[in-house]
Amino acid sequence: MNLENVAGDYNKYCDVDIHSKLMPINEQIENMLARLEEFQTMILFVKQDGTDSRDILTSIANYSNELNDLFNKIDTMERLVTHIKSNLDKVEDDVEKAEVEFGCNDSKKKVTSIFTPLFKKATEKKQLSPSLGLFKVEDYFEQETSTT
């Protein structure tokens, strides 16, 4: 029986459960493959974004003349708005001076005196003060000529 016991003990050495031993290795390989697929997808997105960026930069360069025209129009519009704002500030100052001069700067008098010009006949027409810096829109914007 001694020989049978020794054979049984050696049999246990040869009886290896490969499946349980390889299970953690297989899980690690599957996790690594999943990460590689995610990385590959990310690389594809980056390549596509790079292509889109090059297309955008190329199109910006192609439209540089139109963009310069747009920038010039925006600058002109800013100058016009600044001019109009200065004119409105001047008019507001003149109105405030007139209110003080005519004594209608009290809030109660303003409400009643606001309707006075509507019902009063104008005896003379006043000219606008040349100090307002009147302007023409044509000074700021070119007349676009249509070629039809």
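Does Lys90 count as buried, exposed or partly exposed, and at what relative accessibility? In this predicted model, Lys90 counts as partly exposed, since its relative accessibility is 30%.

**Salt bridges in helix α3**

The count of salt bridges comes to two. In one of them, the side chain of Lys90 meets that of Asp94 at 3.1 Å, N to O. Both Lys90 and Asp94 belong to helix α3, where four residues, about one turn of the helix, separate them. Asp94 has 29% relative accessibility and is therefore classed as partly exposed.

Another salt bridge joins the side chains of Lys85 and Asp89 at 3.0 Å, N to O. Lys85 and Asp89 are likewise four residues apart in helix α3 (residues 64-102), a separation of about one helical turn. Asp89, at 32% relative accessibility, is partly exposed. An α-helix has 3.6 residues a turn, so residues three or four places apart point the same way.

| Salt bridge | N to O distance |
|---|---|
| Lys85 and Asp89 | 3.0 Å |
| Lys90 and Asp94 | 3.1 Å |

**Helix α1**

Helix α1 spans residues 2-14, 13 residues in total. From its first C-alpha to its last, helix α1 reaches 19 Å, close to the 18 Å expected at 1.5 Å a residue. The number of buried residues in α1 is zero, so this helix lies largely in the open.

**Nonpolar surface patch**

A nonpolar patch on the surface is formed by Val16, Ile18, Leu22, Ile25, Ile29, Met32, Leu33 and Leu36. Together these residues have about 760 Å² of accessible area. Leu36, one of the patch residues, is located in helix α2 (residues 18-62).

Terms used: Residues are numbered from 1 along each chain as its sequence is written. This is a predicted model: local features need pLDDT of at least 70, side-chain atom pairs count only at pLDDT 80 or more; totals for chains, interfaces and linings use all residues. Side-chain values use heavy atoms; hydrogens and water are left out. Patches are made of residues with over 30% relative accessible area and no salt bridge: like charges are joined within 9 Å, nonpolar side chains (Val, Leu, Ile, Met, Phe, Trp, Tyr) within 5 Å. Accessible areas come from the Shrake-Rupley method with a 1.4 Å probe; for residues, only the protein chains shown count as cover. A salt bridge is a side-chain nitrogen of Lys or Arg within 4 Å of a carboxyl oxygen of Asp or Glu. Helices (H or I, at least four residues) and strands (E, at least two) are DSSP runs, numbered from the N terminus. The expected span of a helix is 1.5 Å times one less than its number of residues. Buried means under 20% relative accessible area, exposed over 50%, partly exposed in between (1.4 Å probe, protein chains only).
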